[in-house]
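Here are my notes for a first reading. Please keep the chain open beside them.

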Amino acid sequence: MRWKAALRASIGTRLRSLSVSALFVVIMIVVPGGFHSVFAQTWGQGPPPRHAPPNAGDKLRALDEVRIDQRLNGSLPLDAEFRDEDGRTVRLGDYFGKKPVILALVYYSCPMLCNQVLNGLTSSLDVLTAYNAGEDFEVVAVSFDPKENADLARQKKETYLRWYHRDGAERGLHFLTGDQASIARLTEAVGFHYKWDEKTSQFIHASGIMIATADGKLARYFYGIEYAPRDLRLGLVESSAGKIGTPVDQLLLYCYHYDPSAGKYGAVVINMIRVGGAITLAAIFGMFLLFRRRSLGVQRAGAGEFS
């Protein structure tokens, strides 16, 4: 009897082991990256904990104050004074009035994230061959570090002019610096919250860009460090109040709507179905006319032979 009990225990252990192994294999096959990917995705999809673990210090708690709040339709302080890359005193409103404006809040000595924001923006603009900075829209980068000066701004502008090599681009890319009062007015207006970290001697900040209308109203927010050229294109077309864009852009705007919660454009399925249905009906009607015309041509040719 003892040997039977031992045999049953051994079989149970093996079955449990096989079950765990099978589950592991399924996860490795179905989920790219296996367990590492599962845990990484779970952490990445949820917000960071509001209370840090004991061994993490105050780092995560400090992030509670770092964010970008959308202020859609909010007004920018167009009378706020800054300095351009040549050291001249300018008003933010000098870059508004006729075209939509892409606004990027960065600081030029940032060792990591700000460069990625400007790289992602420039990369997307480089793809938009139908629209040009300075001609169809303006790009205004503003440093939120009051210690930075025009020399840094000029160097940064030269860097991105070499990348965004378009005729007249120097008139469309602007890199500004300013004092703390002007910076505070602008960052508060757009909902950009950041902090200075004494331990690393760096700013802690979120990443993203905004699009404003020609009269200085915030119209679109795009988050992260990469911005889909389609989203950027549609945002500029909408913010221009129809001054730029093609019939194709208008069709895309019918099929894609801006989702503020996601900070991107999403497909409107019902509108896409309507457009697809209209195209199908038009194609059927066109084929009907074509076949009708051919049929009449054949009938006329036959009547001519018998006359």
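1. S201 counts as partly exposed, at 48% relative accessibility. Buried means under 20% relative accessible area, exposed over 50%, and partly exposed in between (1.4 Å probe, protein chains only). S201 is in the loop between β8 (195-197) and β9 (202-204). Its phi is near 55 degrees, a positive value in a residue other than glycine.

2. On sources: this is a predicted model, where local features need pLDDT of at least 70, side-chain atom pairs count only at pLDDT 80 or more, and totals for chains, interfaces and linings use all residues. Residues are numbered from 1 along each chain as its sequence is written, and side-chain values use heavy atoms, with hydrogens and water left out.

3. N73 is not a glycine, yet has a positive phi of about 70 degrees. N73 lies in the loop between β1 (67-68) and β2 (81-83). N73 is exposed, with a relative accessible area of 62%. Strands (E, at least two residues) and helices (H or I, at least four) are DSSP runs, numbered from the N terminus.

4. D231 sits in helix α7 (residues 229-239). D231 is buried, at 7% relative accessible area. Leaving aside neighbours within four places in sequence, D231 is in contact with F222, K264 and Y265. Contact means heavy atoms within 4.5 Å.

5. Five strands form an open, mixed sheet in the order β6-β5-β4-β10-β11. Its edge strands, β6 (173-176) and β11 (218-223), each pair on one side only. Two strands pair if DSSP finds at least two bridges between them. Strands β4 (residues 101-106) and β5 (residues 138-143) run parallel, joined by six bridges. I102 has V139 in β5 as its bridge partner.
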